[in-house]
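Subject: Structure handover and notes

Hi there,

Here is the structure I promised to pass on to you. Could you load it up and keep it open while you read my notes?

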Amino acid sequence: MQRVVGFLCLFLLAWPAAAVSAQALATWESGSTRVELSRFVDYWQEPAAPADIKTVTALDEANWTRNGSDSVSLGYGSGIFWFRVTLKNTTANQAQTFLEIGYPVLDRIEIYIDPETSGAESLVLGDKQPFSERPIEHRNFVVPLTLAADEPTRVYLRVNTTSSMQVPLILWNQDSFYAAEQSRTMFEGIYYGIVLVMILYNLFVFMAVGERSFLHYVGYITAMPLFLASLHGVAFQYLWPESTWWNDQSIIVFLNLAVLFGGTFSIRFINVTRENHPGFNRWTVAVIMAAGLLAAGGLLVPYRLLILPTILVAFVGCSTMLTLSIIRWRRRDPAARYYTLAWVFMLFGGIVLALSKFTVLPRNLLTENATQVGSALGVILLSLALADRLDREKKRAFRAQQRLLREERKARMAQEKSLQVQREANTLLEERVHARTRDLESLNEQLLELSATDALTGLKNRGHFDRTFQSAVVRAFRYQEPLSLLVLDIDHFKKFNDTYGHLVGDDCLKMVAQCIRRHVTRPQDLAARYGGEEFVVLLPDTPVNGAIRVAERIRSDIEATAFRVSGDVLHLTVSAGVCSVSPEKADATKDIFNWADEALYEAKGQGRNRVVARKGNGQSMVSAVIPV
């Protein structure tokens with residue numbers, strides 16, 4: 001059956017490709033940042049007998065099939081495929097690029113670059129290889145590729161995998177790749193941060209109220225991000241980089257656990273009981289049991305035998321839970337309001353992912369990230385649904401208390417007993433509400449602190465500085481106090497970054513931040529990272545001489561601090577611009593910053609590694625020149 005599906009997908013994908021010219025080349029031009037290569041890829045299925053690179057390069061052109069679509073996706077099957085793409089550098093210089101294969105669960109990839117001229121030596125990648133063997137440490141497969149000036153470069157790939165045969169190829173300018181990777185990393189961090197906060201929040205609520213629905217929900221929102229982390233290569237990069245066997249099996253285990261806990265949570269939360277919905281209850285329990293068996297089988301049975309049943313169970317389970325939520329909403333179950341919207345977001349991403357694996361939908365940015373976006377929105381909405389349920393239970397308890405009060409009027413003894421029950425229930429409810437309130441306040445304080453702190457240096461970030469700076473200017477204007485602003489910039493930081501790499505550059509930024517923090521000691525003072533290698537220090541109620549002394553101490557400390565890189569000892573320097581002024585208006589922040597920035601540029605122009613101060617309002621520059 002797998003072979004039939006594979007050949008059917010191959011036929012459907014190959015048919016429209018015939019209209020694409022086989023002579024089309026992927027060109028790398030001056031100013032190119034990235035080139036999608038899928039439309040320029042040819043593929044050939046290896047027969048039962050293994051073929052080497054010499055055999056493949058000698059194949060007639062008629063044996064190759066042009067892909068011709070926006071994604072290289074040949075579905076599930078047991079075949080081994082060869083892919084080739086020809087790249088033409090039209091510039092007059094060599095191009096240093098990265099070739100990215102954006103599907104991190106491929107088992108084995110053999111890459112040959114210009115084998116007709118450079119020989120049959122290959123680079124072997126894949127999730128069956130330890131992560132440390134990759135030339136570039138990245139969750140996807142990234143290969144450095146040098147394109148000769150005004151010459152074609154041909155790349156061959158032999159791909160053998162038990163997962164879906166998807167080989168998305170992108171050619172990157174190296175700087176553009178790292179810039180895009182920062183955005184992708186930030187996206188991943190936001191998603192996993194949201195999930196972690198929701199897990200901790202719901203665990204606290206479970207411990208506070210003892211409601212098992214929260215525990216099932218925690219199981220679901222723990223399994224889902226672990227499944228996505230395994231699928232997208234994040235877990236292989238950070239959690240188990242040397243465990244190649246578990247890297248495959250974890251996808252099976254966590255996806256089935258997500259279905260299992262999602263099913264048990266649904267049954268409890270929206271009351272899909274044997275009394276309300278006997279048929280749906282039995283069906284959901286059957287899906288849960290199937291997911292549990294597959295999750296246990298993932299610890300014993302190879303990935304290739306379980307991936308298709310797992311995707312089928314996930315698809316059926318997602319569809320079942322979405323159907324149940326709609327039915328319960330139509331039955332006017334209050335819990336189903338948020339619940340249905342949450343599953344619409346969450347399950348839409350899961351269904352899109354499943355359809356892309358069966359090649360019903362193409363593999364692109366939307367189909368690959370729909371699960372994370374939908375999952376994050378769904379997690380938040382389900383947390384709201386649980387909070388709404390607690391609120392409804394509280395109201396239900398209150399109404400029950402009112403009924404008891406009316407009944408207590410009929411009998412004095414019964415009234416006293418009911419009043420006691422009421423007091424105990426109210427006390428318990430108030431304790432739970434206070435506990436939840438404290439937990440939420442603590443989480444809000446943590447979130448506010450995180451939002452105001454630069455993650456790399458530990459100093460305050462630009463947003464926090466802008467708000468504090470505005471308040472300080474208003475106060476200095478109101479009380480006619482002097483206000484000083486220091487703008488510091490690391491000298492030659494771009495050259496340092498290009499020479500030693502971004503990771504060493506990050507360590508450099510941390511060292512500079514530590515030196516600044518040592519000399520900004522007053523409670524009302526503020527040190528912040530303004531952006532890149534630029535830092536700011538705000539000194540309320542500080543005249544120009546005091547500001548210069550602080551700037552000079554920071555500059556001297558940084559210059560004297562040894563910075564070790566690969567056995568070498570380096571010394572960094574900074575230039576500082578100082579502006580000290582008593583503001584003449586409450587909205588003088590822009591002028592004060594511009595004056596400090598001008599002083600910084602004056603320091604740069606005078607040779608760097610020095611402090612230049614300005615009093616503002618067009619007054620003369622006061623320079624503290626420090627020999628380099």
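Below is what I found, going from the whole chain down to single residues.

First, some ground rules. This is a predicted model, so local features need pLDDT of at least 70 and side-chain atom pairs count only at pLDDT 80 or more, while totals for chains, interfaces and linings use all residues. Residues are numbered from 1 along each chain as its sequence is written, and side-chain values use heavy atoms, with hydrogens and water left out.

The whole chain

The protein chain has 17 helices and 19 strands; these are DSSP runs numbered from the N terminus (helices are H or I with at least four residues, strands are E with at least two). Of its 628 residues, 49% count as buried, where buried means under 20% relative accessible area, exposed over 50% and partly exposed in between (1.4 Å probe, protein chains only). The accessible surface comes to about 30700 Å², and 58% of that belongs to carbon and sulfur atoms; the areas come from the Shrake-Rupley method with a 1.4 Å probe, and for residues only the protein chains shown count as cover. Among contacts between residues at least 6 apart in sequence, 73% join residues at least 24 apart (contact means heavy atoms within 4.5 Å).

Helix α7

Helix α7 covers residues 244-269, 26 residues in total. From first C-alpha to last it reaches 37 Å, close to the expected 38 Å (1.5 Å times one less than its number of residues). After α7 comes Asn271, whose phi is positive, near 60°.

Strands

Strand β10 (residues 152-160) runs antiparallel to β5 (residues 80-89), joined to it by 8 bridges. In that pairing, Lys88 stands opposite Pro152. β10 is also antiparallel to β7 (residues 108-113), with 6 bridges, and Tyr112 has Tyr156 of β10 as its bridge partner. Strands count as paired if DSSP finds at least two bridges between them.

Further along, β15 (residues 562-565) and β16 (residues 568-571) pair antiparallel over 4 bridges, with Ala562 partnered by His571. Their hairpin has 2 residues between the strands, and Ser566 takes a positive phi near 55° there.

Around Ser575

Leaving aside neighbours within four places in sequence, the contacts of Ser575 include Leu488, Asp491, Leu600, Lys604 and Arg608.

Arg608 lies in the loop between α17 (589-605) and β18 (611-614). Its phi is positive, near 70°, in a residue other than glycine. Arg608 is partly exposed, at 29% relative accessible area. His492, in the loop between β12 (483-490) and α14 (493-500), also has a positive phi, near 55°.

Enjoy exploring it!

Best wishes
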